[in-house]
Amino acid sequence: MKPIKFEGAKSKSTMAFRHFNSSEKIQGKPMGEHLKFAMSYWHTLCSGLSDMFGEGTVEKTFGKKSLIDIAKAKADFGFEFMSNLGIEYYCFHDTDIAPEGETLKETLDNVWMMVEHLDVLQKKTGIKLLWGTANAFTNKMFMSGAATSPNADIFAITAAKVKTAIDATIKLGGTGYVFWGGREGYDTLLNTNMELELNNLAHMLTMARDYGRKAGFDGDFFIEPKPKEPTKHQYDFDAATCIGFLKKYGLDKDFKLNIEANHATLAGHTFRHELATARINGMLGSIDANQGDMLLGWDTDQFPSDIYEAVYCMLEVLKAGGFKTGGLNFDAKNRRQSNTIEDMYQGYILGMDTYALGLKIADRIIKDGRIDDFIANRYKSYKSGIGQKIVKGETSLENLTKYALGLKQINLESGRQEHLESIINQLMFG
Ligand code: XUL
Ligand code: CO
């Protein structure tokens, strides 16, 4: 496979970029730096595209037989794949990069062996680690949770995996460390001590923070909210729940959020709502860029093609001042019927072009100014007089009552949603 080229918007090729042109400047900064695309190791190099009812449709052993040889071949293929696409970052779980051994020690040793292999590939290509994480959900020992398991030995094994994954992230220069609590939740309160589980989860995150800081990790820890699947109730339900949790346990200075589009919609929110919630709390850290299917109630992890969603996402990212330690990780996989290497490239090209176009249009919306001006004007009553006093916290129920009783005529203005939606369409399609 040859490197994928930028051919511009007029190109009819689906094996070329039409919008993603890494060095093109938007607001004075190259597109590549705004977007910070990352490859998800698990979907891209590990998923055989099986589903609940059917086996995989694609072979990812890369012609090798032993588990270690397969692991190395995956890494080699992955770095060539990223180089061809111009992707500068990747993200992994410990179990994506290295096979699990017979014992915990063997499993952790395998991770270290692969870290060395990845280190060489990083140096050769200049590709960097965005974030690492520990998979504490696939192995059956995590059936009742990891940091929230009712079994203290499982809590200890989770700690060992988290420690190794943090060490690996530091060694490979990762700027983020993610916690996605796939099994951190419950199915029924008939067998669950929710209070103890939440305290234990916070204790795990606190130990990870303290260990990471001591070991020299100066990036961000991220929680990735998801409301359900695999458990019925997941503790990291959505951005607001996670922020409340982090504040309760004093973790909000070291942790930010990794917002995933498909998780947002599973929580009954828009992607933008989750991003905005994180942003206004200073906690928009990183993004798992994908999309779900609104007719299906589970996490389909599709490559993003919805331009509106990408525009609203990039508006939030620009308003947050861009990514610092995070980026846009394609936590996405091909559909089960799209089972060729070409499909893998086309999935990423689709996602990257969707976000590149999203960035360009978001910039256009900001420069146009009509949406921001409308919002600012809608709240003008808080700029002076009684409104200004309210904002400054200088009012009481008594003096507001006195003010309200003196009111004669109130001007209620239209929210003009359809007008604003027309402006968005004008800016998107002309
Ligand atoms: C699962 C999911 C994970 C996290 C990392 O829904 O999104 O792959 O991104 O553990
Ligand atoms: Co994710």
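A residue counts as buried when its relative accessible area is under 20%. Cys313 comes in at 1% relative accessibility, so Cys313 counts as buried. Keep in mind that this is a predicted model.

**Cobalt site**

- Four protein residues hold on to the cobalt ion (ligand 2): Glu224 and Glu260 through OE atoms, Asp288 and Asp331 through OD atoms.
- Those donors lie 1.9 to 2.1 Å from the cobalt ion.
- The site has six donor atoms with angles of 80 to 171° among them, and the geometry is octahedral.
- Glu260 has 1% relative accessibility, so Glu260 counts as buried.
- Asp331 is at 7% relative accessibility and therefore counts as buried too.

**Cysteines**

- A disulfide is a covalent bond between the sulfur atoms of two cysteines.
- The cut-off here is a pair of cysteine sulfur atoms within 2.5 Å, and by this rule the count of disulfides is zero.
- Cys91 is in no disulfide, with the nearest cysteine sulfur, that of Cys46, 13 Å away.
- At 0% relative accessibility, Cys91 counts as buried.
- Cys313 isn't in a disulfide either, and its nearest cysteine sulfur belongs to Cys91, 15 Å away.

**The largest pocket**

- The largest pocket has a volume of about 1600 Å³.
- It is lined by 45 residues, and the ones closest to its centre are His43, Ser50, Asp299, Asp301 and Lys333.
- By class, the pocket lining splits into 15 nonpolar, 14 polar and 16 charged residues.
- α2, α4 (94-97) and β5 (128-133) each put at least two residues into the lining of the largest pocket.
- α2 gives the largest share of that lining, namely three residues.

**Cavities**

- There are five cavities of 30 Å³ or more in the structure.
- The largest cavity has a volume of about 190 Å³.
- Twenty residues line the largest cavity, and Ala136, Phe179, Trp180, Gly181 and Glu184 lie nearest its centre.
- α6 (152-171), β6 (176-179) and α7 (194-214) each bring at least two residues to the lining of the largest cavity.
- Sorted by class, the lining of the largest cavity has 13 nonpolar, four polar and three charged residues.
- The second largest cavity holds about 90 Å³ of space.
- Of the 14 residues that line the second largest cavity, His43, Thr44, Lys60, Asn334 and Met344 are the closest to its centre.
- α2 (41-46) and α12 each supply at least two residues of the second cavity's lining.
- That lining has seven nonpolar, five polar and two charged residues.

Key
Residues numbered from 1 in each chain as written. Chains lettered and ligands numbered in written order. Predicted model: local features only at pLDDT ≥ 70, side-chain atom pairs only at ≥ 80, totals over all residues. Heavy atoms only, no water. Donors = N, O, S within 2.8 Å, 3.2 Å for Na, K, Ca; no water. Tetrahedral: all angles 85-135°; square planar, octahedral: opposite > 155°, others 65-115°. Buried < 20%, exposed > 50% of the residue type's maximum accessible area, 1.4 Å probe, protein only. 1 Å grid on protein atoms, 1.4 Å probe; cavity = no way out; pocket = protein on both sides within 12 Å on 5 of 7 lines; lining within 4 Å. Points joined across faces, edges and corners; volume = space filled by probe spheres on them. Helix = DSSP H or I, 4+ residues; strand = E, 2+ residues; numbered from the N terminus. Nonpolar A, V, L, I, M, F, W, Y, C, P; charged D, E, K, R; others polar.
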